[in-house]
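Have the structure open while you read.

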Amino acid sequence: MRKLLVLATCLMFAGTGNIFAESKLQEKVELQRHTVELGTEISYIRYEEPGTMKETGAMYGAVASYAYHNRLMLKVDGKGSGGIVDYNGQLSNGTAYDISNITDYMFEIRSVAGVDFRILDATFLTPYIGLGYRHLHDDLACDPAGFGRESNYFYSPIGLEIVTKLANGWSIGGTAEYDLFWYGLQRTHLEDLSPELDTLNNNQHNGWGVRGSIKIRKKWDLLSIVIEPFVRYWNIGKSEDATITYGGTHIGTGYEPKNNSLEIGGKLAVIF
């Protein structure tokens, strides 16, 4: 009986100790309420119209975001980047046609909302949904036979973010996201070929995107450093036809072919 009493007493104190330790642990792993992130990213990008052409090159840019966590998560983020790409395609008669040193620039802005769930003592899962806009300008007008092109995507990011706090200020996490494509507008500046031609505007209604990343973060008292490799992919269907006019006269129709784009890169940022 004495042995049983001693064992019960030990278990009681051990349980109390575990509760205290768990309480202290949960105090340490609460998500930071307000965060501002500033950083830079580099990526390889490939745009392709299967069987017709592709462009490849490197993009360099800056990123910024603000996030709020208090069970509810709110986040606004944006990025801007630019780079040089090369065009490899063919003319209607099958002749190869290449253009080098094309200037591209891109910017994107997004706003999302979600809910933070603690799924383990030091792990949080945040499902989110929001709205996004992506703009890409492709300056093919650098070639006498080329013209400028603009892609505009309106979409809803729908995703999951997970983060696990580790010892000594380290944490690891990641995101997985599906981008629900609402509408696209492709603007082809045919006036770069001749001032008598008008800009061709094609509406896009079919498409989708996915993206994912892995985030490694080290936190000190005043700031954190984060490294985040990522991949982003878009698959967009054929656009509606639109009228091509020359000097105000209808001379034909044009469309934006089915296309896809892949971006693989990494981000280095500071979080306050």
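1. How much space lies in the second largest cavity? About 410 Å³. A cavity here is a set of points on a 1 Å grid over the protein atoms alone where a 1.4 Å probe fits but cannot get out; its volume is the space filled by probe spheres set on the points, which are joined across faces, edges and corners.

2. Before going on: this is a predicted model, with local features needing pLDDT of at least 70, side-chain atom pairs counting only at pLDDT 80 or more, and totals for chains, interfaces and linings using all residues. Residues are numbered from 1 along each chain as its sequence is written, and side-chain values use heavy atoms, leaving out hydrogens and water.

3. Back to that second cavity: 27 residues line it (an atom within 4 Å of a point). H69, E161, V163, K215 and R217 lie nearest its centre. Strand 8 gives the most to this lining, five residues (strands are DSSP E runs of at least two residues, numbered from the N terminus).

4. Now the largest cavity, at about 490 Å³. Its lining also counts 27 residues, with K75, D77, R110, E228 and K267 closest to the centre. Strand 3 supplies the largest share, five residues.

5. By class, the largest cavity's lining has 14 charged residues (Asp, Glu, Lys and Arg), eight nonpolar (Ala, Val, Leu, Ile, Met, Phe, Trp, Tyr, Cys and Pro) and five polar (the others, Gly among them).

Definitions and conventions. On a 1 Å grid over the protein atoms alone, a cavity is a set of points where a 1.4 Å probe fits but cannot get out, and a pocket is an open set with protein on both sides within 12 Å along at least five of seven lines; lining residues have an atom within 4 Å of a point. Helices (H or I, at least four residues) and strands (E, at least two) are DSSP runs, numbered from the N terminus.
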